[in-house]
Amino acid sequence: MTIFCYKKVTPHMRLGEKFQKAREERKLDMKAFTHQTLVPEKYLAAIEGGAFDILPRAKAHRLAYIRSIARV
């Protein structure tokens, strides 16, 4: 016999949502954040919005952008 229990699970956030929340908590607008990360504004907006298909195809660029944002 199997016993089931209900576990309260917090909803998970996507990576872009976490980055956006952290940026807003630091009260940084997109221009200031672009200046700090050296990631173009259109790519920052794409990452925060979960539109990863807009990013460059090269895996190295994608990883570099994510690392740069995560450091800041």
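What share of the contacts in the protein chain with a separation of 6 or more comes from residues 24 or more positions apart? The answer is 43%. Keep that in mind as you click through this predicted model.

**Whole chain.** Start by showing everything as a cartoon. You'll see 4 helices and 0 strands, running α-α-α-α from the N terminus on. Of the 72 residues, 26% are buried.

**The core.** Next, select F19, L28, M30, F33, V39, Y43, L44, I47, L55, Y65 and I69 and show their side chains. Those 11 residues form the largest nonpolar core. Helix 2 (30-37), helix 3 (41-49) and helix 4 (59-71) each give two or more residues to this core, with helix 3 supplying the largest share, 3 residues.

**Helix 2.** Now zoom in on 30-37 and pick out M30, F33, T34 and T37, the buried residues of helix 2. They sit on the same side of the helix because they cover an arc of only 105° around its axis. What do they pack against? Color helix 1 (15-25), helix 3 and helix 4, and you have the partners.

Step on to L38, which follows helix 2 and has a positive phi, near 65°. Last stop is V39, one of the core residues. Leaving aside residues up to four places away in sequence, V39 touches T34, L44, Y65, S68 and I69.

Technical notes: Residues are numbered from 1 along each chain as its sequence is written. This is a predicted model: local features need pLDDT of at least 70, side-chain atom pairs count only at pLDDT 80 or more; totals for chains, interfaces and linings use all residues. Side-chain values use heavy atoms; hydrogens and water are left out. A nonpolar core is a set of buried Ala, Val, Leu, Ile, Met, Phe, Trp, Tyr and Cys residues joined through side-chain atoms within 4.5 Å. Buried means under 20% relative accessible area, exposed over 50%, partly exposed in between (1.4 Å probe, protein chains only). Contact means heavy atoms within 4.5 Å. The arc is that of the directions from the helix axis to the C-beta atoms.
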